[in-house]
Amino acid sequence: MSETGTIESVGLTEEAVRQIVREELGRAERRDPATKKAAIIASKGTLDFAYPPLILATTAAATGMETHVFFTFYGLNIVHREFESKLKVSPVGNPAMPTPVPMPNLVTVVPGMGPLATSMMKSRFDRKHVASIAELLDTARELGVHLVACQMTMEVFGYEPDDLIEGVELGGAAAFLSEARRAHLTLFI
Amino acid sequence: MSETGTIESVGLTEEAVRQIVREELGRAERRDPATKKAAIIASKGTLDFAYPPLILATTAAATGMETHVFFTFYGLNIVHREFESKLKVSPVGNPAMPTPVPMPNLVTVVPGMGPLATSMMKSRFDRKHVASIAELLDTARELGVHLVACQMTMEVFGYEPDDLIEGVELGGAAAFLSEARRAHLTLFI
Amino acid sequence: MSETGTIESVGLTEEAVRQIVREELGRAERRDPATKKAAIIASKGTLDFAYPPLILATTAAATGMETHVFFTFYGLNIVHREFESKLKVSPVGNPAMPTPVPMPNLVTVVPGMGPLATSMMKSRFDRKHVASIAELLDTARELGVHLVACQMTMEVFGYEPDDLIEGVELGGAAAFLSEARRAHLTLFI
């Protein structure tokens, strides 16, 4: 804008003002704070559905997004001190789970199938170099992901703050929503 | 801007215009309508997953957000006149559900375990003073939450408008999306 | 703004500039690119939960939204060449599924109930003229919906690109999030 020197002395025209406005708007859109914020609810307590909130949260945080994960209902399992034993998969009622051999429903409810499915999933992820839940939790905390446990379900399930892993805050739905309403990326998992 | 009096007579400089633009942009960001709108899809028909859409919707509405809940597939159970009997929990296939004693899968499928799990969850929530589904539905309607039943799944499941509780509108996915595309908070539960 | 001719010659007043800014802001809000973008994660591999991502994606695309669906975990079933046989419903562990007659849990795990429930759901949707999964996939591709299969879960489940239907790209969580962070409509199904 080399010519602005002269224009400034006599004031800007409407066209020049609109041009400035569009420039500033473009800049504002590119730095839109909602594109830099992620708010994820983790409500499932099985091993398979513990991966998506942690993989998405660490990926979002790694690209510089301010990331919040709210653990509620069965999702509290993921941040429970005993998450290693609490996070299991169940082949029952999930005809979509790949199994080594096709199994009718009656077989999947036989005692022992759950532990087998759980250890199978763990070794399959490990073989493909997917980070474990423990590693994903560490990465999330290193990247500054806000891990928040739902106070209400803590009480309903009878959990104490000491039952949770280090670095988890307690919070309510209202506090979570006040972050989520300012984020483009909002997911209920 | 005490100096604007003089400037106005000869027109604003580019710097003064940029300053005004940034002020107005800041104001626009703070009143961004997308931060004041919530669009939630409720697709699950179990007692446990009836809580999250209603708790989140009433919390959002209580903080002044325009809130829409779209009940589709099994989520129609939540706004069915007989929701009290339709909303049940099943311990089958959910190894994450806390139970009083550890149960192998074979036990959880025995007739009677479902009703037991359902009444246990109800009394546990009640003891912790969590509002019941009936209370949450009342609060949602008092706060002006838009409760919309999915027309397509109504037809597939053979439900009539009279099968639903008072205050529920019928609508399609397109109408829901036209709200959701203007909302930051969008969740599929 | 018929009077701007005169104003321009002596420069705009602060009030005139604010007026222009608000006009441009209003225009920018109406064309907000985040309202024209949808980012959906499809993680379930059952017949019933194959419908919501495809119905929502095709509806969004039909109204002109740039739509991305990321198939991950069991959701890969939906874009697998053998989706017709892979997508099943299971009455086990889903007390919300309408059945012709009430069934205790023990009956729903009997071999044969799964296939019966699957064919019942298909014919029920068909009778109500709901598009089939095959038709929804065709519509999605015709409307230019971006169908992306999660590379990581492809490897974990041992799927090859050739195992997927035509027109599916491979991608990672980071690529998906870079779209999702610019979209108002973000759902995890």
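Residues are numbered from 1 along each chain as its sequence is written, and chains are lettered from A and ligands numbered from 1 in the order in which they are written. In this predicted model, local features need pLDDT of at least 70 and side-chain atom pairs count only at pLDDT 80 or more, while totals for chains, interfaces and linings use all residues.

**Stop 1: two helices, chains B and C**

Select residues 14-30 in chain B and again in chain C; each stretch is helix α2 of its chain. Helices (H or I, at least four residues) and strands (E, at least two) are DSSP runs, numbered from the N terminus. The two axes come within 10 Å and cross at roughly 45 degrees. Axes are lines fitted to C-alpha atoms, for helices over the stretch in contact, and angles run from 0 to 180 degrees between N-to-C directions.

Now show V17(B), I20(B), V21(B), E24(B) and A28(B), which meet E14(C), V17(C), R18(C), V21(C), R22(C) and L25(C). Residues are in contact if their C-beta atoms, placed from the backbone, lie within 7 Å.

**Stop 2: the sheet of chain B**

Next, colour the strands of chain B: five of them form an open, parallel sheet in the order β4-β3-β2-β1-β5. Strands pair if DSSP finds at least two bridges between them. β4 (168-171) and β5 (185-188) of chain B each have a single partner strand, so one side of each is left without a neighbour in the sheet. From one strand to the next, the twist averages 20 degrees.

**Stop 3: strand β3 of chain C**

Select residues 146-150 of chain C: five of the five residues of this strand, β3, are buried. A residue is buried if 20 or more other C-beta atoms lie within 10 Å of its own, exposed if 12 or fewer, and partly exposed in between. H146(C), V148(C) and C150(C) point one way from β3(C), and L147(C) and A149(C) the other way. Four bridges join β3(C) to the parallel strand β2 (residues 66-71) of chain C, where H68(C) stands opposite H146(C).

**Stop 4: L177(C)**

Finally, pick L177(C), in helix α9 of chain C. L177(C) is buried, with 21 other C-beta atoms within 10 Å. Beyond its neighbours within four places in sequence, L177(C) contacts L56(A), T59(A), A60(A), T63(A) and L185(A).

Note on methods
Two residues are in contact if their C-beta atoms, placed from the backbone, lie within 7 Å.
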